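Please view the structure first.

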Amino acid sequence: MPDGRPAPAPVRVASLAELKAATMACRECPIGEFATQSVTGEGKLKPKLMLVGEQPGDKEDLEGHPFVGPAGKLLARALEAAGIPQAQTFVSNAVKHFKFELRGKRRIHKSPAVREIAACHHWLEDEIALVQPKALVALGSTAARSLLGRPVPVMAERGHWLPRPDGREVLVTLHPSALLRVDPESRDAAFHPFVADLRQAKRLFRR
């Protein structure tokens, strides 16, 4: 399969509730053993746009909901600035468990390995099949790799639509957490191009 992915696991899900239960029990990679819980997507079914990030963060892992931390707040602000109604979208992550390393008592985000992204890929595809979005946004390189089945140079492709084998298009941009790592004096300058990327999807919401 593309990107060295294993064949999908035989478990199939018929609802988002079943997806949650199945990912809670998933141990196809080591991440699930140490996370508090799995975090699956939330939002409108059959949306015009599904946004996919990398993985849950610390706050998402504890609360069980996607994009409720600082990156989620920034994403909500960017969607509003881009003229995209967040209530009409679905948000999720390519990897369903939080990968971290301990530094004292703090749990610090650690990027998932290619093998871990591949192990979780069939859950993301199950989710897409259940949600039935018209198009997708890849927030960062992990999401782009999972959605498109190959490494994607995000900085070169940001703001561009790329095709998936299922016929859906994927808009590539940064993960909002990348903006949070920018020097505060430069954050506004980085925010505006991010909004411009997302604005490419505004056409989906025109009547």
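G69 sits in the loop that joins α3 and α4. The model is predicted. With a relative accessibility of 2%, G69 is buried, because the cut-off for buried is under 20%.

Which residues does G69 touch beyond its neighbours within four places in sequence? The contacts are K59 and E60. D183 is another matter: G69 and D183 are 114 residues apart in sequence, and their C-alpha atoms are 19 Å apart in space.

Most residues other than glycine have a negative phi. F67 is not a glycine, yet its phi is positive, at about 55°. F67 lies in the loop between α3 (58-63) and α4 (70-82). F67 is buried, at 13% relative accessible area.

Q132 also has a positive phi, near 60°, and is not a glycine either. Its loop runs between α5 (114-131) and β6 (135-139). Is Q132 buried or partly exposed? Its relative accessibility is 38%, so Q132 counts as partly exposed.

## Cavities

Rolling a probe the size of a water molecule over the atoms shows where empty space is left. The largest cavity holds about 80 Å³ of space.

Its lining consists of T23, C26, R27, E28, C29, G32, V95, K96, H97, A119, C120 and W123. Which element gives the most to this lining? The answer is α5, with 3 residues. By class, the lining of the largest cavity has 6 nonpolar, 3 polar and 3 charged residues.

## The largest pocket

The largest pocket contains about 680 Å³ of space. Its lining is made of 26 residues. Nearest the centre of the pocket are E54, H109, H175, S177 and R181.

Several elements supply at least two lining residues each: α3, α4, β5 (106-109), α6 (141-148) and α8 (176-180). The largest share, 4 residues, comes from β5. By class, the lining of the largest pocket has 9 nonpolar, 10 polar and 7 charged residues.

## Recap by element

The loop between α3 and α4 holds G69 and F67. Both residues are buried, G69 at 2% and F67 at 13%. Both helices, α3 and α4, also supply at least two residues each to the lining of the largest pocket.

Technical notes
Residues are numbered from 1 along each chain as its sequence is written. This is a predicted model: local features need pLDDT of at least 70, side-chain atom pairs count only at pLDDT 80 or more; totals for chains, interfaces and linings use all residues. Side-chain values use heavy atoms; hydrogens and water are left out. Buried means under 20% relative accessible area, exposed over 50%, partly exposed in between (1.4 Å probe, protein chains only). Contact means heavy atoms within 4.5 Å. On a 1 Å grid over the protein atoms alone, a cavity is a set of points where a 1.4 Å probe fits but cannot get out, and a pocket is an open set with protein on both sides within 12 Å along at least five of seven lines; lining residues have an atom within 4 Å of a point. Grid points are joined across faces, edges and corners, and a volume is the space filled by probe spheres set on the points. Ala, Val, Leu, Ile, Met, Phe, Trp, Tyr, Cys and Pro count as nonpolar, Asp, Glu, Lys and Arg as charged, and the others, Gly among them, as polar.
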